[in-house]
Amino acid sequence: MGTRKASKDADRRIGRRALLIGGAAAAAGTAALARDELGRLWWRVPGVEKPRKEGEVDYTGARWVAASDANWRRADRPDDYGIDMVVIHVTQGSFDSAVKVFQDPEHGAASHYIVRKDGHITQMIRELDVAYHAGNRDYNERSIGIEHAGFVERASSFTDEMYEASARLTARICARYDIPLDREHIIGHVEVPGTDHTDPGTHWDWDRYMRLVRKAGTGAA
Ligand SMILES: [Zn+2]
């Protein structure tokens, strides 16, 4: 989360798509593309997107509350942008205030998910779409953002229920997009290049979290 504006996220998707399609056409002219590669490229044609249903969530058990569409950009991931990262955030405020600011078009930022102290999960942006959460366009395009309601300076923000629920969510996301369960791919906002944010902070127990993610990832949780 943060206070940064999303100007770096100006919509350049059309340009990039055109580029991809141009490249694909050129490649097809010179060499036969593998069948699965063609299958992937098909989704990159403008106007061809996976079907969506209003209120649908990507994670079973999550409650849907829509963020303002000023705080994310429509995309068709993982077909237009590959997803290979989960970014962990802390809201620096209550759960309710985080939901409120993500609904505020003036905020200019929002994450896909918010995990509450009791383990309740709210999804506000589809994983298909690019959420403005990392303050870095490349990282936004390739990642899913998960907020944790609380404060970086308060160890008491991070409850057992929160760690466990968040770890199950992250494990599920990683399984879906084939993301390795390691700290290269599951990172804190503080680790995003160019950021001035410190979340999730020193009280966030990475060893514990990664243990829980791996446990959930192997189906043992
Ligand atoms: Zn953050």
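The paragraphs below go through a predicted model of one chain, from its overall make-up to single residues.

Residues are numbered from 1 along each chain as its sequence is written. Because the model is predicted, local features need pLDDT of at least 70 and side-chain atom pairs count only at pLDDT 80 or more, while totals for chains, interfaces and linings use all residues. The predictor's confidence in each residue is given as pLDDT, from 0 to 100. Its mean over the chain is 86, and 77% of the residues reach 70 or more. Two residues are in contact if their C-beta atoms, placed from the backbone, lie within 7 Å.

The chain has 6 helices and 8 strands. Both kinds of element are DSSP runs numbered from the N terminus, with helices being H or I of at least four residues and strands being E of at least two. In order from the N terminus, they run α-α-β-β-β-α-β-β-β-α-β-α-β-α. Among contacts between residues at least 6 apart in sequence, 76% join residues at least 24 apart.

Six of the strands form an open sheet with the order 1-5-4-7-3-8 and mixed pairing. Two strands pair if DSSP finds at least two bridges between them. Strand 1 (63–64) and strand 8 are at the edges with a single partner strand each, so one side of each has no neighbour in the sheet. Strand 1 and strand 5 run parallel and are joined by 2 bridges. Trp-64 has Gln-123 of strand 5 as its bridge partner.

Next comes the interior. A residue is buried if 20 or more other C-beta atoms lie within 10 Å of its own, exposed if 12 or fewer, and partly exposed in between, with C-beta atoms placed from the backbone. Of the 221 residues in the chain, 39% are buried. In soluble globular proteins, nonpolar side chains tend to be buried together. A nonpolar core is a set of buried Ala, Val, Leu, Ile, Met, Phe, Trp, Tyr and Cys residues joined through C-beta atoms within 7 Å. The largest one here has 45 residues, and Val-86, Ala-110 and Val-115 have the most contacts inside it. Elements giving two or more residues to this core include strand 3 (85–90), strand 4 (113–115), strand 7 (143–148), helix 3 (95–103) and helix 6. Helix 5 gives the most, with 8 residues. Beyond its neighbours within four places in sequence, Val-115 is in contact with several residues, among them Ile-121, Ile-146, Met-162, Ala-165 and Leu-169.

In helix 3, Ala-98, Val-99, Val-101 and Phe-102 are buried. They fall within an arc of 170° when seen down the helix axis, so they line one face of the helix. The arc is that of the directions from the helix axis to the C-beta atoms. Asp-96, Ser-97 and Lys-100, on the other side of helix 3, are exposed. The cover over the buried residues of helix 3 includes strand 4, strand 5 (121–123) and strand 7.

Helix 6 (residues 206–217) has 12 residues and reaches 16 Å from its first C-alpha to its last, close to the 16 Å expected at 1.5 Å a residue. That expected span is 1.5 Å times one less than the number of residues. Tyr-209, Leu-212, Val-213 and Ala-216 are buried in helix 6. Down the axis, the buried residues of helix 6 fall within an arc of 100°, so they line one face of the helix. They pack against helix 5 (160–177) and strand 8 (186–188).

The loops hold some backbone details. The peptide bond from Arg-77 to Pro-78 is cis, with omega near 0°, and Pro-78 lies in the loop between strand 2 (72–73) and strand 3. The bond from Asp-199 to Pro-200 is also cis, with omega near 10°; Pro-200 is in the loop between strand 8 and helix 6. Gln-92 is not a glycine but has a positive phi of about 60°. Gln-92 is in the loop between strand 3 and helix 3, and counts as buried with 21 C-beta neighbours inside 10 Å. Asp-178, in the loop between helix 5 and strand 8, has a positive phi near 60°. Asp-178 is exposed, with 10 other C-beta atoms within 10 Å.
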